[in-house]
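Reader: Please walk me through this chain, feature by feature. Give me the general idea, then the case at hand.

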Amino acid sequence: MSDSVAQPQRMRKIPPVALALLLQLLAFVLVTLAANLLTLTLSPYTFAIACGALAATFSHLTKQARWWLPIQLLFVPALAITLNTNIPPIVFLFAFLLMLLLYWSTFRTQVPLYLSSNKVWQALETQLPVDQPFSFIDLGSGIGGVLTHLSRTHPQGTFHGVETAPLPFAWSWLRIKFGGYRNCHVYWRSLWDCDLAQYDVAFAYLSPVPMAALWEKVQKEMHPGSLFISNTFTVADHPPQKILQTDDLHHSELYLWRK
Ligand SMILES: C[S@@+](CC[C@H](N)C(=O)[O-])C[C@H]1O[C@@H](n2cnc3c(N)ncnc32)[C@H](O)[C@@H]1O
């Protein structure tokens, strides 16, 4: 399975997490060199704080998103504190495996797992055909909440989801299989490998990063009369034809484009 098939070139630049790591390494090397040159004996915590401060400065200079700054600042100090505790290494292995299975290629796609609210599900309901069969796809279907909800409210529809992260995929697959949702299907597949021509409605709740590429895909593949709906993230230079406001915690908005 590949995430990159049919994915435009512009998305294949260095992922921010790789840049952040490189900046940490650079800060580590520079602080080590400076301490040696100036024959300073730094305590582990002073060394860690110096590395963090320098890495955060580099992140600022390389124009990383603002939220990287506290991460960069606290990463090495947190590492120093953790190494000073007696937590068994196996705990870190399990935590790493859990994160890996839950988030999978988020470091590259920049689309983490977070879930649409019930209010968003209800707003989606109002946009689906009432009396006729139709096909719907959730691009990045998470744990399957959107699909299972809509398949109950619209039994005449067929609902598909694609998801790349193993744990959310497995969860949604089990949920659908044992919940008896016969008009619902999920696939362990990248959304970039789906042919959108088969669907009357495509829904996405991703992040700002893939929206321009996804718009191109929608334009190329979806048939006239089909509907594209994005939760929260809009498409630059392509204002939606309709906006639905919800009163959930984040005041999520649904953006709709009919082809
Ligand atoms: C913000 S969550 C949305 C979950 C669900 N659609 C909802 O609205 O509750 C985005 C999901 O997209 C998945 N994802 C990210 N990139 C993907 C890709 N290229 N193909 C399929 N799924 C992807 C992530 O693993 C994550 O579970």
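**Reading the chain**

Author: Helices (H or I, at least four residues) and strands (E, at least two) are DSSP runs, numbered from the N terminus. This is a predicted model, where local features need pLDDT of at least 70, side-chain atom pairs count only at pLDDT 80 or more, and totals for chains, interfaces and linings use all residues. Residues are numbered from 1 along each chain as its sequence is written.

Reader: Where else is phi positive in a residue other than glycine?

Author: Most residues other than glycine have a negative phi. Trp104 has a positive phi, near 45°. It sits in the loop between helix H4 (89–103) and helix H5 (106–109). His251 has a phi near 50°, and lies in the loop between E6 and strand E7 (253–258).

Reader: Is Trp104 buried or exposed? And is His251 buried or exposed?

Author: The rule counts other C-beta atoms, placed from the backbone, within 10 Å of a residue's own: 20 or more is buried, 12 or fewer exposed, and in between partly exposed. Trp104 counts as buried because it has 20 C-beta neighbours inside 10 Å. His251 is exposed because it has 10 other C-beta atoms within 10 Å. Of the chain's 259 residues, 29% count as buried.

Reader: How do I read the span of helix H2?

Author: The expected span is 1.5 Å times one less than the number of residues. H2 (residues 44–61) has 18 residues and reaches 26 Å from first C-alpha to last, close to the 26 Å expected. Its buried residues include Ala48, Cys51, Leu54 and Ser59. Among what covers them are helix H1 (16–37) and helix H3 (68–83).

Reader: Which domains does the assignment give?

Author: Domain bounds come from an automatic or database domain assignment. Here it gives domain 1 (9–86) and domain 2 (118–258). Their centres, taken over C-alpha atoms, are 39 Å apart. The C-alpha trace of the chain spans about 80 × 40 × 35 Å along its principal axes.

Reader: Which residues have the most contacts inside the largest nonpolar core?

Author: In soluble globular proteins, nonpolar side chains tend to be buried together. A nonpolar core is a set of buried Ala, Val, Leu, Ile, Met, Phe, Trp, Tyr and Cys residues joined through C-beta atoms within 7 Å. The largest has 36 residues, and Leu124, Ala202, Phe203 and Ile229 have the most contacts inside it. Another core, of 11 residues, lies apart from it and includes Ala27, Val31, Ala50 and Ala55.

Reader: What is Ile229 in contact with, beyond four places in sequence?

Author: Contact means that two C-beta atoms, placed from the backbone, lie within 7 Å. Leaving aside neighbours within four places in sequence, the partners of Ile229 include Leu124, Val201, Phe203 and Leu254.

Reader: In what order do the strands of the sheet run?

Author: Strands of a sheet pair through backbone hydrogen bonds, either parallel or antiparallel. Two strands pair if DSSP finds at least two bridges between them. Here 7 strands form an open sheet, in the order E3-E2-E1-E4-E5-E7-E6, with mixed pairing. Strand E3 (184–188) and strand E6 (242–245) are the edges, each pairing on one side only. Strand E1 (residues 134–139) and strand E4 (residues 201–204) pair in the parallel sense over 4 bridges. Ile137 has Ala202 as its bridge partner in E4.
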